[in-house]
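Subject: Structure handover

Hi,

Here is the structure I promised to pass on, with my notes on its packing and its aromatic rings below. Please open it alongside them.

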Amino acid sequence: SLLCRFIEAYVKRGYPYEGKYSAFDSLLQDFLDGRLQDPEEISLRTSRASIPCSGLFDLYQLALDNPANQPLAYLTMALQSRMPNSYVSFYQKSIVSLNLYSSKGMVQEQSKRNLRIMQEVLGSQIRGIGVCNLFYDLSSLRTAFLQTEAGLAVGFSRDGGKDTPLADSPPVYLFEELYVDHILLSLRDREEGIYDNCFARQTLNRLRILEEQQNYNYIGFLYIYLLAERRPSAVSRQLHLHRNTVKSFKELFFISKLPFVSE
């Protein structure tokens, strides 16, 4: 009977429960392993998994303490049962949650609810949660996962590599807030494209398009604006512009965080 109990514990930790390997589990594995890239196949596979190809998404990666001894299949099922607007699975000894939002206005509320549920189900087992930027097409799923990895790497590095959460609730590492640190620390090859939907990159892309449309050096203006520590009077003196003109230009630097798509 002792041997049977050991076998039972081993199965619970490593063997998927009946029905756990759904179409989404297979879809996630192929996306994150880089095996799923063809648009037609993506459309077919997402349809089988009952997931829209396009929408408003983000991705969480939950890094766990001692993941080798965690019953990942059981934990993902427990989370999925309480998170109807998310698709929960596991990948490389961490739990992954793909979250679908009905509108941008619902992101904050639904995120708070998801994080509360994760805390209730997993508690101190969570070492940290990496959160990617919002994305709008499932073909960006692998990039989103790389962002969650980067957020966790920077967050753990910043927190001194501690193995346990610093507070009662697990730390949440938002890639949007940490990607500059990620660039400076060179934690991953910069050619991955994981910065494309970040606010600074979107702003620069927007300014480049405006430069072509209006024949004005907006990026040069931004450079002076930052050197002058965002003081309109100092910028107007250097560029010989009226102070109100400087104030109107600076509004360009706070465009919507939705990805900018050229016409």
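In this predicted model, the buried residues of helix 2 are Phe24, Asp25, Leu27, Leu28, Asp30, Phe31 and Leu32. That makes seven of the 10 residues in the helix, which is mostly covered. What do these buried residues pack against? Their partners are helix 3, strand 2, strand 3 (94-101) and helix 6 (141-158). Just after helix 2 you will find Gly34, with a positive phi of about 80°.

On the helix 2 side, the contact is made by Ala23, Ser26, Leu27, Asp30 and Phe31; helix 3 contributes Ile42, Arg45, Thr46 and Arg48. By type, the residues of this contact are four nonpolar, two polar and three charged.

Now for the rings. Searching the whole structure gives nine aromatic pairs. One of them joins Phe24 and Tyr87: the ring centres are 5.6 Å apart and the planes stand at 45°, so this pair is tilted. Phe24 belongs to helix 2 (residues 23-32) and Tyr87 to strand 2 (residues 86-91), so the pair ties together parts that are 63 residues apart in sequence. Both Phe24 and Tyr87 are buried.

Another tilted pair is formed by Phe175 and Tyr179, at 6.0 Å centre to centre with 35° between the planes. Here both partners lie in helix 7 (residues 175-185), four residues apart, or about one turn of the helix.

One last item for your list is a charge over a ring: the charged end of Arg127 sits over the ring of Phe156, 3.8 Å from the ring centre.

Happy browsing, and do write back with any questions.

Best wishes

Definitions and conventions
Residues numbered from 1 in each chain as written. Predicted model: local features only at pLDDT ≥ 70, side-chain atom pairs only at ≥ 80, totals over all residues. Heavy atoms only, no water. Phe/Tyr/Trp six-rings, centres within 6.5 Å; stacked < 30°, edge-to-face > 60°. Helix = DSSP H or I, 4+ residues; strand = E, 2+ residues; numbered from the N terminus. Buried < 20%, exposed > 50% of the residue type's maximum accessible area, 1.4 Å probe, protein only. Lys NZ or Arg CZ within 6 Å of the ring centre and 35° of its normal. Contact = heavy atoms within 4.5 Å. Nonpolar A, V, L, I, M, F, W, Y, C, P; charged D, E, K, R; others polar.
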